[in-house]
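Welcome, and please open the structure in your viewer. This tour goes from stop to stop, telling you what to select and what you will find there.

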Amino acid sequence: MDWLLALLQTALFVFGAPLLLGWIKRLKALSQNRQPAPVWQPYRDLRRLFHKEVVIAHHASWLFRITPYIVFGAVVLVASVVPLLVTSLPTAAIADVIVLVGFFALGRFFLALAGMDIGTAFGGMGASREMTIASMAEPAMLMAVFTLAMTASTTNLSTAMLTILHEGLVLRPSFIFAALGLMMVAVAETGRIPVDNPATHLELTMVHEAMILEYSGRYLALIEWAAQIKLMVYGVLVLNLFFPWGIATETTTNALLIGSVVILAKLMLLALILVVSETVVAKMRLFRIPQYLSFAFLLCLLGALSHVILEAGYII
Amino acid sequence: MPLSLALLSIVGVLASALISFGTDRAPWLFRFVVLGLLAVSGLTATAAGVWVLLTNQNLAIELALGLPWLPWHLRLDALSGFFFAIVGLITFVTSLYAVNYSREFQNSPYSYSTLGVFTGLFIAGMLLVLLADDGYAFMVAWELMSLSSYFLVVYQHLNESNRRAGFLYLLMAHVGGLSILLSFGVMVGFGDGFSFAAMRQAALSPLWASIVFGLAFFGFGMKAGLVPIHAWLPEAHPVAPSHISALMSGVMLKVAIYGFIRVVFDLVGDLLWWWGLLILFVGAASALLGILYALMQNNSKRLLAYSSIENVGIIFTALGLAILFISTGHPVLGALGFLAALYHSLNHALFKSLLFLGAGAIAHSSHEYNLERMGGLIHKLPYTAVFFLIGCISIASLPPFNGFVSEWLIFQTALQTTALESGILRLIIPITAAVLALTGALAVACFVKLYGIAFLGLPRTRHVKHAREVGGSMLASQAILAVLCFLFGIFPALTLQTLAVIPEKILATPVGEFAASSWLWLTPISADVASYSPALLLLGIVVVGFLGWLLLRLKKPCVRRADTWDCGFGGGTARMQYTATSFAMPIRHILSPVWHSSETIDEQRDDLRPVSIKHELHIADRSWPVLYLPILHYVQWVARRIGVVQTGNIRVYLMYSFFTLLAILWIVT
């Protein structure tokens, strides 16, 4: 039963992610006074891409062709260990949150290599920028995770959520810092404004899009889909780690129903926050991003320190 | 029995050195007999080490070598057995590799006999260091290792920079060796005798124990390449032949780590908490600066050498955590950090050797070390490309390969900081963990650069374009290491349970729940705190991959090869690609104070447009102007002052002799 639920949750991640993106795009269009596309537009895009012919450069190697599968596989694996509806997730024991960060890094590693495989200036530029941004974002991400792990004294996502649920609503300064930091990191890692703009193809600004410029057809579909799942994973991580209330702790129909409604509402709300911030804030210059990310890192570090100083007692 | 195997392997290695004297006349002797003997000895050493580790024996022997009243004590226990197995394994793999690789030197001015003799002595030295059970044997073996590796560094001596690197190496090795000798001296002074057993009994006051620790840390740290005394390492390691570089970076650094563990954890024993703090600082600084410098290198082997500094830093960080936890009364957590350090030592030996062998393969087929002139090698060296990719994934500590497991264990140890009472320590350890996280992320960037520039894209020069895949023995040796990297990543629990006997023996603490866990699950503290199952994860990868493949199989893909998109301008060339320097430029720009860099752009213009642009970029190690040059100047200043007594006048020298004699007579009477 538990394994079935784990499978179901993974499927929800995989097939629900385009819907989340559709919702974000719709909100964004509305907030910018544009006529919105229907929320299932991303599904249509994916379907169209899957049916298109794949065009590959003469020079592309096998690495270029396996990368979409690795990127997609890594993200699906990550999605399978993040509790979405219910905390008792048997898969969560296989990989903890540090492994999760590692798998995101694995996907990025291959994507950057694939960008450099063709030998165009764009690919190398995208890879270089992506790795630069990632090397600043990852420590911040791990720092936020460490704060949480020290509070719950576990790095297992299910157990961490249960611990936080058990302790009830306590005001923890460390969590406020860490949640803010993690949100900033999530924006950077998923390539949203102000760090990257998924809608642009201007060489001065693009990061993620520059790496995947040579992809087409089903390869592009897999990479785009993986990016959508990644966005949803980060959203669920922020929501369920810091505001886990509503998630089912037992596998009854009622609890599951409540869990699904609550997570849907939370995701819709988070999307709204993202849309507002993307509408208000402009995209940053590349060399301003380190400041943004070091601020995120500082927040996460403050979170860890305030946990150590304020919450864990003992000061010498 | 394992001990005789171990001695047999040393005899075999020494015999290979002896046979090498005849190889200048008969090159086939080198390739088949000498290397064969080395490979067999390597396997024997591995077997001896693994045997001792599995049966947890403690075997000692006295050899009547050396001085009459001072026989050599040799001992093989679990700790030395573990490192013995590492040395043996890498010896086997590198000798296999050298069968094809050493053809490079057949028609060169460099002789096989030099290579064979000193390789044999070098490996014998390393093996003897691990067996030594008294200070005297240890120092003799240590010097044998240092001196013979000097001759390997300057093997290609016609190149002037190699000779300079060799001299620097020799100098630093001796400063370090002196420091180690002094630390033994203190322990001998307090104990009775040179044997390690006597040193263990020596009652050291905290002050003297700290002096021993400081001397050992400096001496072994210098050999291991810790910042800021690392500057010799990226000079010396890359200039040796590639399989020797693999031995030096993959194995000799581990011997230094073994020495440090032996002296500090085993011989001194009573650990003080501030030692842990010091090691934590130095280790974290080495890790971060090592990878930052590696990121800026454009020479493939120099990049790998700097990355060795990073990995040694990670190992010492784990050891620092171990000391901190042990000295504050948490031996189980300390043992965990200790295990993480051991496992990372093993992993680093595997993937660093693999990468050095890969860099050697590139150089063998294209005569190129400069990244800026490589590119597109994945088409020319298809097998090497796969093995090198595995090495890059492992060293960048990405799951599910082996580098990730040890890094994960270190993070798990660091996260137990809440167990400590001291608030300061609880603050410092998470910050160290953050530094490690930054290091890990930069390592990913660094190895994307190495692999992406060398193997991917378009070839940047003609001889790289015509490179050919290397021979069978070079591929086989890389394949062995790549498979091991994978296996140690997928089944870490088995290895770690075997290794658990080492901390149990050295630190006299049980490793807790860890040893009881199953082969499938890695649960360092308890299943509630953290668990990781690489094997199940791999199963997940296979299932997801298979499902995806099945689904996509439903509709035949319609793939068309076409020209690369060139924005409609027509014809991209290899020179338009991102270069290694430009890849690292954003990071260089962001963290510019780290490097001692000077950049000049010389632009010649006519009225409207630039005629020529000359761009020069020099990136140097900061430790040179900050540490080495001032010491050099000081030494020269002192030498000049002392030089005043040397007038070159015979009468003055006679006068010196006369007064010296007078003084001696006065003292004697």
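## Stop one: two helices in chain B

Begin by selecting helix H3 (residues 78-101) of chain B and helix H19 (residues 472-490) of chain B, whose axes come within 6 Å and cross at roughly 155°. Keep in mind as you look that this is a predicted model. Angles over 145 degrees count as roughly antiparallel, so H3(B) and H19(B) are roughly antiparallel to each other. To see the contact, show the side chains on H3(B), including B:Leu89, B:Phe92, B:Leu96 and B:Tyr97, and then those on H19(B), among them B:Met474, B:Ile480, B:Leu481 and B:Leu484. Colour the contact of H3(B) with H19(B) by class and you get 13 nonpolar, five polar and no charged residues.

## Stop two: another pair in chain B

Stay in chain B and select helix H5 (residues 135-153) and helix H6 (residues 160-190). At what angle do their axes cross? The angle is roughly 175°, and the axes come within 9 Å. That makes H5(B) roughly antiparallel to H6(B).

## Stop three: over to chain A

Now select helix H3 (residues 62-81) of chain A and helix H9 (residues 217-242) of chain A, which pack at an angle of about 25° with their axes 9 Å apart. Angles under 35 degrees count as roughly parallel, so H3(A) and H9(A) are roughly parallel to each other. H3(A) passes H9(A) in a left-handed crossing. In the contact, look for A:Arg65, A:Tyr69 and A:Phe72, among others, on H3(A), and for residues of H9(A) including A:Arg218, A:Trp225 and A:Lys230. The class count for H3(A) with H9(A) is 15 nonpolar, no polar and three charged residues.

## Last stop: the cavities

How many cavities of 30 Å³ or more does a search of the whole structure find? There are 12. The largest cavity holds about 140 Å³ of space. To centre your view on the largest cavity, select A:Glu138, B:Ser397, B:Phe404, B:Glu407 and B:Phe411, which lie nearest its centre among 17 lining residues. Two or more lining residues come from each of helix H4 (97-117) and helix H5 (121-152) of chain A, and from each of helix H16 (402-415) and helix H17 (423-455) of chain B. The lining of the largest cavity divides into 12 nonpolar, three polar and two charged residues.

How values were computed: Residues numbered from 1 in each chain as written. Chains lettered and ligands numbered in written order. Predicted model: local features only at pLDDT ≥ 70, side-chain atom pairs only at ≥ 80, totals over all residues. Heavy atoms only, no water. Axes fitted to C-alpha atoms, helices over the stretch in contact; angles between N-to-C directions. Helix = DSSP H or I, 4+ residues; strand = E, 2+ residues; numbered from the N terminus. Parallel < 35°, antiparallel > 145°, perpendicular 65-115°, else oblique. Left-handed = near helix turned anticlockwise from the far one by under 90°. Contact = heavy atoms within 4.5 Å. Nonpolar A, V, L, I, M, F, W, Y, C, P; charged D, E, K, R; others polar. 1 Å grid on protein atoms, 1.4 Å probe; cavity = no way out; pocket = protein on both sides within 12 Å on 5 of 7 lines; lining within 4 Å. Points joined across faces, edges and corners; volume = space filled by probe spheres on them.
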